[in-house]
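Please examine the sequence and the structure before reading each solution.

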Amino acid sequence: MRPFSYARTADADAAIAAVRERADGAFLAGGTTAVDLVRQNVLRPGLLVDINDLPLTGIEDLPGGGLRIGALARMSDVAGAPGVRERFPVISQALLLGASAQLRNMASLGGNLCQRVRCSYFRDTASPCNKRDPGSGCAALDGFNRGHAVLGTSDKCIATHPSDVAVALVALDAIVHTRGPAGERAIGIDDFFLLPGDTPEREHPLEHGELITAIEVPAAPVARRSVYLKFRDRESYEFALASVAAAVRIEDGTVAEVRLALGGVGTKPWRARRAEASLLGQPATGASFAEAARQELAIARPRPLNVFKVELAQRAIARALATLTDGEAR
């Protein structure tokens, strides 16, 4: 691990200015991922600015039923907040399935959205990785890629995004609020996560020194009936091979409204818009669920070791919808 400077401030503008003035400056929140990457020499900051004293930990109910969650709110606090559990159970479930209790007590929601990929080649500085060293190549393409993405891939990167709660937030059309040298802005969460394309090192549209301040979840009555299902190699806080965030409203036996997003199979939290479009107005049946899932995964580009994820993701979608419509599906 290389030496670096450390600073701590309770003022957002001071934190932004400190990071902004150094090309190798970075923010430090919970540190549950960043500290490991610094130790492994994957990340090499010259300055870490600790932002844990910033007043960004609130969880606020908004008029109409939405939520505004401070970027430094801890995962455990968000998961247990009454407004989250009652109106957005899919968020609470995703947070509880995302990490151990110790990590949830430390990790922040904003930091969770910005966590780096778990690809072993990204974390192995001896291996080529376009995210870590642009232009060096992607060792995962022909390497051990069982856990890698089948949706949103490119010939530069096939790493999956690791966040669970991001999948739920994408399904709910959350908004990421930021503050930077140019002022404040709001970014739709589906636009907050970038596909790798030819620039896999750029995962978010954040400018250097731009700080996430809050995540807004718009009111969504459909989310009261929502679920997060996660399929993994072991039950003890493993990353997803496939996961699904789902919310649905049924009227007279047909799908009147539906939200679907996938984790563990995409290079970003994957909004399943093809499946949603296929389901609207269709009978709430196992056959309809399976067909919608098939349409969503029709564009998948698996590698030989992760081709199983295509069927796994389809089954995950169908099971989540069946779980939510038990007793109503025909």
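For sorting residues by class, Ala, Val, Leu, Ile, Met, Phe, Trp, Tyr, Cys and Pro count as nonpolar, Asp, Glu, Lys and Arg as charged, and the others, Gly among them, as polar. The model examined here is predicted.

**Exercise 1.** Determine how the residues that line the second largest cavity divide by class.

Solution. Step one: the second largest cavity has a volume of about 70 Å³. Step two: 15 residues line this cavity, and C119, C129, C138, C157 and A159 are the closest to its centre. Step three: sorted by class, the lining comprises twelve nonpolar residues, one polar residue and two charged residues.

**Exercise 2.** State how many cavities of 30 Å³ or more are counted, and describe the largest cavity.

Solution. Step one: the count is three. Step two: the largest cavity holds about 80 Å³ of space. Step three: its lining consists of V117, K131, H161, F193, L194, L195, P196, P200, R202, E203 and T267. Step four: by class, this lining has six nonpolar, two polar and three charged residues.

**Exercise 3.** Classify the aromatic pair found in the whole structure.

Solution. Step one: a pair of aromatic rings is described by the distance of the centres and the angle of the planes. Step two: the search finds one aromatic pair. Step three: the pair is formed by F192 and F193, with 5.2 Å from centre to centre and 85° between the planes. Step four: planes over 60 degrees apart count as edge-to-face, so the pair F192 and F193 is edge-to-face. Step five: F192 and F193 are both buried, and F193 also lines the largest cavity.

Note on methods: Residues numbered from 1 in each chain as written. Predicted model: local features only at pLDDT ≥ 70, side-chain atom pairs only at ≥ 80, totals over all residues. Heavy atoms only, no water. Phe/Tyr/Trp six-rings, centres within 6.5 Å; stacked < 30°, edge-to-face > 60°. Buried < 20%, exposed > 50% of the residue type's maximum accessible area, 1.4 Å probe, protein only. 1 Å grid on protein atoms, 1.4 Å probe; cavity = no way out; pocket = protein on both sides within 12 Å on 5 of 7 lines; lining within 4 Å. Points joined across faces, edges and corners; volume = space filled by probe spheres on them.
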